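Thank you all for coming.

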Amino acid sequence: MKLVQKEYRGSEIDVYFTPALCIHAVECVKGLPMVFDTTRRPWMDPEQESLEAIAQVIERCPSGALQYGRKDGEPNEQPDEPATIVPTVSQQLVMRGNLQISHVDEDIQTYRAILCGYGQSNNVPFCDKSSICKGEKS
């Protein structure tokens, strides 16, 4: 199964969303509710805030489900160096850096990801919160 990426075009920035990677950390919705509004269709409108504000909020998305492309000629997101892998109490692996992750029949290049360290995801190797992670309460 290839990961499907949706595209939301703006005049200054394009935003890319991969639903299968989203773990609903809501960094986007809390950070810029005028841009990321789950009650609206389409739910994302890059015209509602500045390029810099949108880029900053997207870079807080821990799963890498949100990415962006600047249109002003400035560089896009840069990877953390050195790369880091931090296990959580619920056995997730929070990764940041220049990452290449094998997923089914494709290699995914990203700077942020959350992998399932418990092996119970329906989207292995990515965490999908489909089951109670070890250490979480139901």
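Before I begin, strands here, labelled E, are DSSP runs of at least two residues, numbered from the N terminus, and two strands pair if DSSP finds at least two bridges between them. What you see is a predicted model, in which local features need pLDDT of at least 70 and side-chain atom pairs count only at pLDDT 80 or more, while totals for chains, interfaces and linings use all residues. Residues are numbered from 1 along each chain as its sequence is written, and side-chain values use heavy atoms, with hydrogens and water left out.

Let me start with the hairpin that E1 and E2 form, with 3 residues between them. Strand E1, residues 6–9, pairs with E2 in the antiparallel sense over 4 bridges, and Tyr-8 has Val-15 of E2 as its bridge partner. On E2 there is a further antiparallel pairing, over 5 bridges, with strand E3, residues 66–70, where Tyr-16 stands opposite Gln-67.

Is E2 buried or exposed? Taking buried as under 20% relative accessible area, with a 1.4 Å probe and protein chains only, 5 of the 5 residues of E2, residues 13–17, are buried, so the strand is largely enclosed by the rest of the structure. Ile-13, Val-15 and Phe-17 point one way from E2, whereas Asp-14 and Tyr-16 point the other way.

Turning to the sheet, 3 strands form an open, antiparallel one in the order E4-E5-E6. Strands E4 (84–87) and E6 (106–116) stand at the edges with a single partner strand each, so one side of each is left without a neighbour in the sheet. Between E5, residues 92–103, and E6 there are 10 bridges, and Gln-100 has Gln-109 in E6 as its bridge partner.

Terms used. Buried < 20%, exposed > 50% of the residue type's maximum accessible area, 1.4 Å probe, protein only.
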